[in-house]
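Please open the structure in a viewer and keep the sequence at hand.

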Amino acid sequence: MAFWALAEMVRQRLGIAEDAASEVAAARLEAGLLEWVTDPEERAFISPRLGALLGIAHPGFDRAELFAGWRLFIERLAATGPVVLVFEDMEWADEGLLEFVEQLLDWSSQAPIFVLVLARPELAERRQGWPAGLRTAAVLNLERLDDRDVRALLEDVVDGLSPGAVKRIVERAQGVPLFAIETVRALADRKSVV
């Protein structure tokens with residue numbers, strides 16, 4: 001579970017459904033490695049480590065060995081074209097995933113790999129200043145929207161939303177656009193708005 005987000009990215013790249021049978025996942029892993037990793041020794045190194053990440057191989061490696069295999073795979077992908085990894089809600093991430101991202105940013109800094117980490121400020125509080133302390137990282141803080149902007153967002157999403165509903169949603173959203181949109185979705189699910 002700690003590396004679920006990374007495993008999902010690898011599954012997506014390899015075309016492996018989350019509920020795929022182990023044999024299917026193993027076959028797709030090997031086919032993907034043949035496509036993106038030209039060196040047979042590197043493929044042999046990467047395969048069991050990615051297999052452990054995907055839950056189709058015995059995880060008999062220590063963390064450093066796993067990270068080395070995962071990182072090498074991402075670097076080989078980047079050798080064929082830029083790689084973008086997007087991690088959402090990283091304030092909830094396990095320390096191991098944060099450590100892997102740090103290592104990837106540090107050790108693979110010359111490869112065309114762009115890592116976008118979306119997180120609430122709690123992440124920087126939990127891991128002092130993370131990721132600002134990393135030499136290859138830049139932090140962009142997004143402030144909450146003001147009430148006027150949340151109101152405009154709601155008006156763009158739903159035509160004719162009553163002023164009372166807009167006011168209540170704006171008050172409860174407290175400047176968080178996701179909360180406002182999810183509230184509208186919940187109302188739509190209940191058929192309260194169209």
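The stops below run from the whole chain to single residues.

**Before selecting**

This is a predicted model, in which local features need pLDDT of at least 70 and side-chain atom pairs count only at pLDDT 80 or more, while totals for chains, interfaces and linings use all residues. Residues are numbered from 1 along each chain as its sequence is written, and side-chain values use heavy atoms, with hydrogens and water left out.

**Stop 1: the whole protein**

In sequence order the pattern is α-α-α-α-β-α-β-α-α-α-α. The C-alpha trace spans about 65 × 40 × 30 Å along the principal axes. The radius of gyration is 21 Å, whereas a compact globule of 194 residues would have one near 16 Å; the value is taken over C-alpha atoms, and the globule rule is 2.2 Å times the number of residues to the power 0.38. Of the 194 residues, 38% count as buried, where buried means under 20% relative accessible area, exposed over 50% and partly exposed in between (1.4 Å probe, protein chains only).

**Stop 2: helix H1**

Select residues 4–14, which form helix H1. Which residues of H1 are buried? They are Leu6, Ala7, Met9, Val10, Arg11 and Leu14. These buried residues pack against helix H2 (22–36), H3, helix H4 (63–80), strand S1 (83–87) and helix H5 (95–107). Just after H1, Gly15 has a positive phi of about 70°.

**Stop 3: H1 with H3**

Axes are lines fitted to C-alpha atoms, for helices over the stretch in contact, and angles run from 0 to 180 degrees between N-to-C directions. Angles under 35 degrees count as roughly parallel, over 145 as roughly antiparallel, 65 to 115 as roughly perpendicular and the rest as oblique. On the H1 side, the contact is made by Leu6, Ala7, Val10, Arg11 and Leu14, and on the H3 side by Leu50, Leu53 and Leu54; contact means heavy atoms within 4.5 Å.

**Stop 4: H1 with H4**

Now show H4 beside H1. Their axes are 13 Å apart and the packing angle is about 40°, and H1 and H4 are therefore oblique to each other. Here Leu6, Val10, Arg13 and Leu14 of H1 meet Trp70, Phe73, Ile74 and Leu77 of H4.

**Stop 5: Ile46**

Select Ile46, which lies in helix H3. Ile46 is buried, at a relative accessible area of 0%. Leaving aside residues up to four places away in sequence, Ile46 touches Leu33, Val37, Gly69, Leu72 and Phe73.

**Stop 6: two loop residues**

Most residues other than glycine have a negative phi. Asp89, in the loop between S1 and H5, has a positive phi near 50°. Asp89 is partly exposed, with a relative accessible area of 48%. Finally, select Gln174, in the loop between helix H8 (163–173) and helix H9 (177–189). Gln174 also has a positive phi, of about 50°, and counts as exposed at 56% relative accessibility.

Methods
Helix = DSSP H or I, 4+ residues; strand = E, 2+ residues; numbered from the N terminus.
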